[in-house]
Amino acid sequence: MTTAGADIASNLDAVRRRIAAAAARAGRDASSVTLLAVSKTFDAATVRLAAQAGQTQFGENRVQEGLDKAAALTDLKIDWHLIGHLQSNKARKAAATFAWIHSIDSQELLRKLDAGAVDAGTRPRVLLQVDLAHEKTKFGADESRVADLARAALKARALELCGLMIIPPIPEDPERSRPWFVLLRQLRDRLVASGLPASSLRELSMGMSQDFEVAVEEGATIVRVGTSIFGHR
Ligand SMILES: *Cc1c(COP(=O)(O)O)cnc(C)c1O
């Protein structure tokens, strides 16, 4: 799919203003929030328009789709984030291209991704996807396994553990997401209190088009926004 450049530029501007307003309400500096533009289903030419409007961070939920767009846009200085489920058999490919991987949810995936990054000579930043809501259709590590996963990630040779990610149930009302965002932040705070380095848990990837302002109010450092930037898929 494609969207006109002028629309993308004004949508980006509107989303950035809403992030800044939400940050101000929470007494946070807007520069502490990274806007990740989720470009899944939109073509490389559309990503280029967003990059021309100043956007540098892009998220994809499928490995191959992300690799194809990255290959078509090597002339741009942008970082690719993988936000969707990663199967271990694609870990090697993902490690070579994605600067950030938000969906680490098992020790096996961690090991394969680390081996792939060593081979590729890359240092991907990783987030642990936490499953708090236990929806059948979603991935993520159970809360009880997150501390062990974090310790394993800290021992990785090539991966840099940076924080946690959550995909809560799609809300009818953005306020419905707030409790999940609070739980993720509290989990992070408990992990740090238990001795894990705060720098390795500094990022909270939470909030999408429907609820990113609430996420910013609750401490999100990365918001993943697709529809509000590129239009409906
Ligand atoms: C698609 C997607 C988003 C963006 O969703 P929008 O509602 O279009 O903003 C964010 N996070 C993940 C994991 C996604 O798959």
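## How angles are named

Angles under 35 degrees count as roughly parallel, over 145 as roughly antiparallel, 65 to 115 as roughly perpendicular, and the rest as oblique. Axes are lines fitted to C-alpha atoms, for helices over the stretch in contact, and angles run from 0 to 180 degrees between N-to-C directions. Helices are DSSP runs of H or I with at least four residues, numbered from the N terminus.

## The model

This is a predicted model, where local features need pLDDT of at least 70, side-chain atom pairs need 80 or more, and totals for chains, interfaces and linings use all residues. Residues are numbered from 1 along each chain as its sequence is written, and side-chain values use heavy atoms, without hydrogens and water.

## Helix 6 and helix 7

Helix 6 spans residues 143–154, and helix 7 spans residues 178–193. Their axes are 11 Å apart, at an angle of about 45°. Helix 6 and helix 7 are therefore oblique to each other. Their crossing is right-handed: the near helix is turned clockwise from the far one by less than a right angle.

E143, V146 and A147 of helix 6 meet L187, R190 and L191 of helix 7. Contact means heavy atoms within 4.5 Å. Four of these residues are nonpolar, none polar and two charged.

## Helix 1 and helix 2

Helix 1 (residues 5–25) and helix 2 (residues 44–52) cross at roughly 50°. Their axes come within 9 Å. That makes helix 1 oblique to helix 2. This crossing is right-handed.

G5, I8 and L12 come from helix 1, and T46, L49 and A50 from helix 2. The contact has four nonpolar, two polar and no charged residues. Gly counts as polar here.

## Around the ligand

The residues surrounding the ligand include V38, K40, I83, I167 and M208. Each has a heavy atom within 4 Å of the ligand.

The S209 side chain has an N or O atom 2.5 Å from a ligand oxygen. A polar side-chain atom of R224 lies 2.9 Å from a ligand nitrogen. A polar backbone atom of G226 is 2.8 Å from a ligand oxygen.

Note on methods: Helices (H or I, at least four residues) and strands (E, at least two) are DSSP runs, numbered from the N terminus. A polar contact is a pair of N or O atoms within 3.5 Å; within protein, one must be able to donate a hydrogen and the other to accept it, and residues adjacent in sequence count only if both atoms are side-chain atoms.
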